[in-house]
Amino acid sequence: MRSSLPTGLLAGVFIFLCSGASIAQAPAHSQLRHRHPWARFEPGAWKLVRVVTESFDGQGALVSTSTTETRTTLRQVDAEGVTLLVEVVVEIGGRRLDGEPQLVRQGYYGEIGGQQVVVTNAGEGVVTIEGRDYPCTIEQSESTSGTGRTVTRTYYSPTVPPYALKQESITTELQTQARLSENHWQVTSFDVPCRILKRICSAAQVTATHRHPNGTTTTVAITSTEVPGGVICHNAREFDNTGRLVRRSTLETVAYGLDAYDGRAGLWRVGRPWHRHRTHVLPGR
């Protein structure tokens, strides 16, 4: 069965941002490509992520569970950004829903669909992580989409992966100036041991908070510049305005590769999933 499915998981979450075609004082193309979680790879790189989501009722009882697998393939890299092929499969109640494949155009600041944004240099700053100060360049972006205006400040390190170390973003309603949403995230730890293929590498931990009129979502993610799309895994919890847990989810990288997808992993394969490229955080972290 086919269904039109959202593509919000296309970049494995944590492609946080804005920006667009009208950019002032932006870094050079080579710098933008180097720090982008997809553009630093060559076309053909891909990642398959699985998200398991649980929803709860007013009494805290589990009411539904769904599994979503999103396969993202890098199709093109150019001076303006990347083109991604996004394919989604959902399993809920034993029923499989296949989304129509979509080509998504994404700029170097994460903007989608030709969003018009101006990015300016907002000076220098410092991000403190585990007691150590990291000098950063602050870039501020302003964008308008629909009835909202978003102002974002991102702290970039030129030498420390994952390069974007902190971000603060506020969206307000254009007419009333009422705050519609607020996003904050920051790298909180480096050198988190993570197994990728048959070796262990050091990844970064990122914590994020998304506030909106209906509640708050908190997320803890593990990221690496060695994995297409950046995010390896995350845990997220969504609360309503009373603090009640309404939804929680986990994301894991099922498989990834730097060449063409071989078609043997996840829900796309008949039978038991194949996990040759499986990645996960070591126990106890």
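**Buried charges and nonpolar cores**

Both Glu69 and Arg50 are buried in this predicted model, and their side chains meet in a salt bridge with an N to O distance of 2.6 Å. Because Glu69 belongs to strand S2 whereas Arg50 belongs to strand S1 (residues 46-56), the pair ties together parts that are 19 residues apart in sequence.

A search of the whole structure finds 13 salt bridges, among them one in which the side chains of Arg179 and Glu182 meet at 2.8 Å, N to O. Glu182 has a relative accessible area of 15% and is therefore buried, the cut-off being under 20%. A further salt bridge is formed between Asp240 and Arg244, whose closest N and O atoms are 3.2 Å apart; here Arg244 is partly exposed, with a relative accessible area of 27%. Salt bridges with shared partners also join Arg50, Glu69 and Glu252 into one network.

In soluble globular proteins, nonpolar side chains tend to be buried together. The largest nonpolar core of the model holds 34 residues, of which Leu74, Ile129, Leu165, Val187 and Phe190 touch the most other members. At least two residues of this core are supplied by each of several strands, including S2 (62-77), S3 (81-92), S6 (117-129) and S10 (179-196), and the largest share, 5 residues, comes from S3. When neighbours within four places in sequence are left aside, Leu74 is in contact with Trp38, Phe41, Glu42, Pro43, Gly44, Ala45, Val82, Thr83 and Leu84.

Terms used:
Residues are numbered from 1 along each chain as its sequence is written. This is a predicted model: local features need pLDDT of at least 70, side-chain atom pairs count only at pLDDT 80 or more; totals for chains, interfaces and linings use all residues. Side-chain values use heavy atoms; hydrogens and water are left out. A nonpolar core is a set of buried Ala, Val, Leu, Ile, Met, Phe, Trp, Tyr and Cys residues joined through side-chain atoms within 4.5 Å. Buried means under 20% relative accessible area, exposed over 50%, partly exposed in between (1.4 Å probe, protein chains only). Helices (H or I, at least four residues) and strands (E, at least two) are DSSP runs, numbered from the N terminus. Contact means heavy atoms within 4.5 Å. A salt bridge is a side-chain nitrogen of Lys or Arg within 4 Å of a carboxyl oxygen of Asp or Glu.
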